[in-house]
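The following paragraphs lead a new reader through the structure shown below. Please keep the sequence at hand while reading.

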Amino acid sequence: MPAYKKVLLKLSGEALMGDDSYGINPGTIDAMVADVAEVVQTGIQLAIVIGGGNIFRGVAGGAAGMDRATADYMGMLATMMNALALQDALRQKGVEARVQSALRMDQVVEPYIRPKAIRHMEEGKVVIFAAGTGNPFFTTDTAAALRGAEMGVEVVLKATKVDGIYTSDPKKDPTATRYDTITFDEAIIKNLQVMDATAFALCRDRKLPIKVFSILKPGALKRVVMGDSEGTLVHV
Ligand code: UDP
């Protein structure tokens with residue numbers, strides 16, 4: 001029996017990149033979608049917020065001299081490309097998926113409509129939220145917290161390259177150990193980076209737990225939703 005009925009998965013754009021330095025790696029997206037398909041087949045309701053950092057980040061455009069808000073809109077468009085790739089890959093695996101975008105692109109995807117998204121999830125479709133929150137100066141982490149709260153999920157699953165939250169950076173400190181669970185307050189006191197500050201504050205306020213786990217470990221997503229020991233759970 002799965003440990004959850006309804007979850008939101010936050011995938012960074014980089015998760016689609018594999019070992020490439022840019023864009024979408026077909027083998028990587030295929031493996032990821034296979035993990036998602038396995039989880040959806042358990043009957044769990046799942047939505048995804050997809051990032052765009054593998055294609056464009058507003059902060060990089062800003063640093064290069066662009067108007068930051070314009071660069072952020074470009075970043076949101078990057079998430080749209082990833083969302084379409086993800087939808088296509090899921091459909092090829094026989095999983096019904098719908099992209100809903102926070103910025104209108106009516107010829108291509110549905111606009112974000114909360115009740116419709118909830119309905120899709122109830123029908124077992126994977127809803128992919130594109131264009132983040134639809135606002136510049138925010139991130140897709142914040143979109144994950146926001147949509148997670150709106151959909152009424154039990155947990156936000158933050159897929160990263162590291163398999164949880166450590167006492168210090170495990171790449172630099174060989175004595176670093178991983179937390180199985182940690183409270184929001186402990187994470188603040190210990191100055192541990194979980195999600196960006198806005199996303200973290202929203203989850204804490206809504207008492208919405210965050211599970212940090214590695215997307216690079218095969219089968220990790222399934223173990224997380226089955227409630228097996230995996231990653232770090234941040235809770236109130
Ligand atoms: N972005 C934004 N508002 C949002 C979400 C995203 O302006 O609500 C822009 C921002 O420029 C960001 C880019 O989209 O750099 C890609 O999103 P993000 O960096 O969160 O992607 P990830 O790091 O998860 O791949």
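In which strand does K10 lie? K10 lies in strand β1, where strands (E, at least two residues) and helices (H or I, at least four) are DSSP runs numbered from the N terminus. The model is a predicted one, in which local features need pLDDT of at least 70 and side-chain atom pairs count only at pLDDT 80 or more, while totals for chains, interfaces and linings use all residues. Residues are numbered from 1 along each chain as its sequence is written.

K10 counts as buried because 28 C-beta neighbours lie inside 10 Å; a residue is buried with 20 or more other C-beta atoms within 10 Å of its own, exposed with 12 or fewer, and partly exposed in between, the C-beta atoms being placed from the backbone. Leaving aside residues up to four places away in sequence, K10 touches V49, T140, D141, A144, V156, L157, K158 and A159, contact being C-beta atoms, placed from the backbone, within 7 Å. G13, in the loop between β1 and α1 (26-40), is also buried, with 22 other C-beta atoms within 10 Å.

An unreviewed UniProt entry lists both residues under "binding site", together with L11, S12, G53, R57, T160, Y166 and D169. Such annotations may be inferred rather than shown by experiment. The listed residues spread over 160 residues of sequence and, in space, up to 26.1 Å between C-alpha atoms.

The ligand has 24 residues around it, of which G51, G53, G58, G75 and G132 come nearest; a residue counts as near if its C-beta atom, placed from the backbone, lies within 6 Å. The largest share of this shell, five residues, comes from α3.

Helix α4 (residues 114-122) has A117, H120 and M121 buried. Seen down the axis of α4, these buried residues fall within an arc of 100°, so they line one face of the helix; the arc is that of the directions from the helix axis to the C-beta atoms. The face turned away from the buried side of α4 carries the exposed residues P115, R119 and E122. The cover over the buried residues of α4 includes β1, β2 (45-50), β3 (97-101), β5 (126-130) and α5.

Finally, the backbone deserves attention. Most residues other than glycine have a negative phi. N191, however, has a phi near 55° and lies in the loop between α6 (184-189) and α7 (197-205). N191 is exposed, with 6 other C-beta atoms within 10 Å. K207 likewise has a positive phi of about 55°.

How values were computed:
Two residues are in contact if their C-beta atoms, placed from the backbone, lie within 7 Å.
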